[in-house]
Amino acid sequence: MRTVIAAGVAASVVGAVLPALAAQAAAGGTTAVATSDRPDFGPNVTVYDPSVPASTIQADIDAAFDAQLRNPTAQFGDQRHAFLFEPGTYGRVFANLGFYTALQGLGKNPDDVTIQGAVNVDSGWNYGDEKNATQNFWRSVENLAVEPESGVDRWAVSQAAPMRRVHIRGDLTMGPSNQDGGQGYSSGGYIADSKVDGTVTSGSQQQWYTRDSTLGSWQGGNWNMTFSGVQGAPANDFAKSYTTLATTPVTREKPYLYVDDSGDYHVFVPSLQRDSSGVTWPDTAGSDLPMRDFYVAHPGDSAATLNGALAQGLNLFFTPGTYSLDQAIEVTRADTVVTGIGFPTLVPTSGNAVLTTADVAGVNVSGLVVDAGTRNSDQLMRLGTTGSHVDHAANPQSVQDVYFRVGSSIQGNATTTLQVNSDDTIVDHIWAWRADHGGAPTGWTVNRGATGVEVNGDDVLATGLFVEHYQQYQVVWNGERGRTIFFQNELPYDVPDNASWRSPTGEGWAAYKVADGVTSHEIWGGGVYSFFNVNPQVRLAQAFEVPRTSGVKAHGVFTVSLGDVGTISSVINGVGDSVPTPAGNTVPSRVVTYP
């Protein structure tokens, strides 16, 4: 079966009537929306089963990819593609993934779906960037196995391109094929809950975070290779760029879509883990939610419609496309799941947030892109209630694979991108990006964004925190006992001069600021880069600014001046050599431990 709209909708809607009517009563008599275990996922989702000829699948994926070849509008275009594979084996599919393309298995476990061929990301097709892979953003592969025909699969990505619940039955390389002598750079990514039977070669990757996975071995490292809970990871040695933790303190893997033997869809929500290591599968522990418990959203749905579905006790599942929202999606019920496939993009139209949560337990938000609108938003997403401190250690809120953009195809503005107020929240792989380039013009006074992430909750854990180019502190951490495992930051390129960019403590704004009154905080594996190409004379006093107390600690942090453009005077609180060093040629300054 090859479908754009899943078959059997009518039969399964009947099964949703009673839950919907119950929800209607709970919502005070509003009209209940119909739901289905076999929903319409819309025109941007294609579902395959093993009876579909490989040539048909190849033609579909090629058509999506070839339309982006050296296309100047593709990076910020409105195209969205999700290719979903029912359980079985698919012979000789060489899947090149471009912008806003998701490839995902529909089995309960990754080995239920096997792609024989490749799931491939390389360089050479991105308009204006044919020599490297540093802008290979917004694509993903999840919940399947790959048997690479050459024995080696290539995944040369940068930000916002996760690999989750994947089994590579061979080797994996993460640099582009032109890296040797071809300036084939690649710039950071994320792997979780995955297994690679052979060797992972990082190649030209400048930084990478791998979490709770199993590897045959790891080869290579440039500036910042961070591992937590990874079996087969290299030993901790920051002189070789490795920051390695044996376990991850708290994890809850991202919810995923699967189809059962009768053709009904479900969303599986993995359980919370502590001190985890290795993959969760097979037999992942968690909660199974039938699709009838979700309102399946489509572009054109209003915020009022989405909030009405939430009021009826439903979860939200976003299909690919762009959603214009004139008010926030308001999540007030504990354990609500808000998730999406194929990079659904939410845009505020009235200076509002796109999503807020009450200070309740277990809310899970994942798989979304959030674009700032032209009217400034105080926050684009707000988790929990400002000033509220309820203990959610047993069932925290979480945000996963959510990508924020201040400036893209829109000249957007947002004071703060993500505000985390709820205690114990898990922030697992986000990219908050004030755009340095876009489909619409960008610049210091054009797309304005002060802070990427503001953490006010206590006991918040960030695993994979990518925050770039904001105009003041990139990250402000006000909560106690916060922890970050892997932080990547580029400072704003477009600073006009130090007179325009001066914090209360001196030259520039630190990328990672822990508030002065905090007594306990810890970070592992953090890098901050300068590239002040508008004015190379700009200086930053320190990349990390933290209280001078024994309870605040840093492990494996560093700075780099990219191409020796601009100066960072110290790594953390005046400690660590200035970059660039004379004739440094992009050499990092490292601090192994602080204090």
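A residue counts as partly exposed when its relative accessible area falls between the buried limit, under 20%, and the exposed limit, over 50%. Keep that scale in mind for this predicted model.

Start with the fold. The chain carries five helices and 45 strands. Its radius of gyration is 23 Å, close to the 25 Å that the globule rule gives for 595 residues, so the chain is as compact as a globular protein of that length. The C-alpha trace spans about 70 × 55 × 45 Å along its principal axes. Buried residues account for 63% of the 595. Of the contacts between residues at least 6 apart in sequence, 65% join residues at least 24 apart.

Now the surface and the charges.

Salt bridges number 22. Arginine 434 and aspartate 494 form one of them, at 2.7 Å from N to O. Arginine 434 sits in strand E32 and aspartate 494 in the loop between strands E36 and E37, so the pair ties together parts 60 residues apart in sequence. Both residues are buried.

Arginine 539 pairs with glutamate 507, with the closest N and O atoms 3.8 Å apart. This bridge links strand E41 to strand E38, 32 residues apart. Arginine 539 has a relative accessible area of 33%, so it is partly exposed. Glutamate 507, at 30%, is also partly exposed.

Arginine 211 and aspartate 212 form another bridge, at 3.0 Å. Both are buried. They belong to a salt-bridge network that includes Glu142, Arg164 and Lys254.

Definitions and conventions. Residues are numbered from 1 along each chain as its sequence is written. This is a predicted model: local features need pLDDT of at least 70, side-chain atom pairs count only at pLDDT 80 or more; totals for chains, interfaces and linings use all residues. Side-chain values use heavy atoms; hydrogens and water are left out. Helices (H or I, at least four residues) and strands (E, at least two) are DSSP runs, numbered from the N terminus. The radius of gyration is taken over C-alpha atoms; the globule rule is 2.2 Å times the number of residues to the power 0.38. Buried means under 20% relative accessible area, exposed over 50%, partly exposed in between (1.4 Å probe, protein chains only). Contact means heavy atoms within 4.5 Å. A salt bridge is a side-chain nitrogen of Lys or Arg within 4 Å of a carboxyl oxygen of Asp or Glu.
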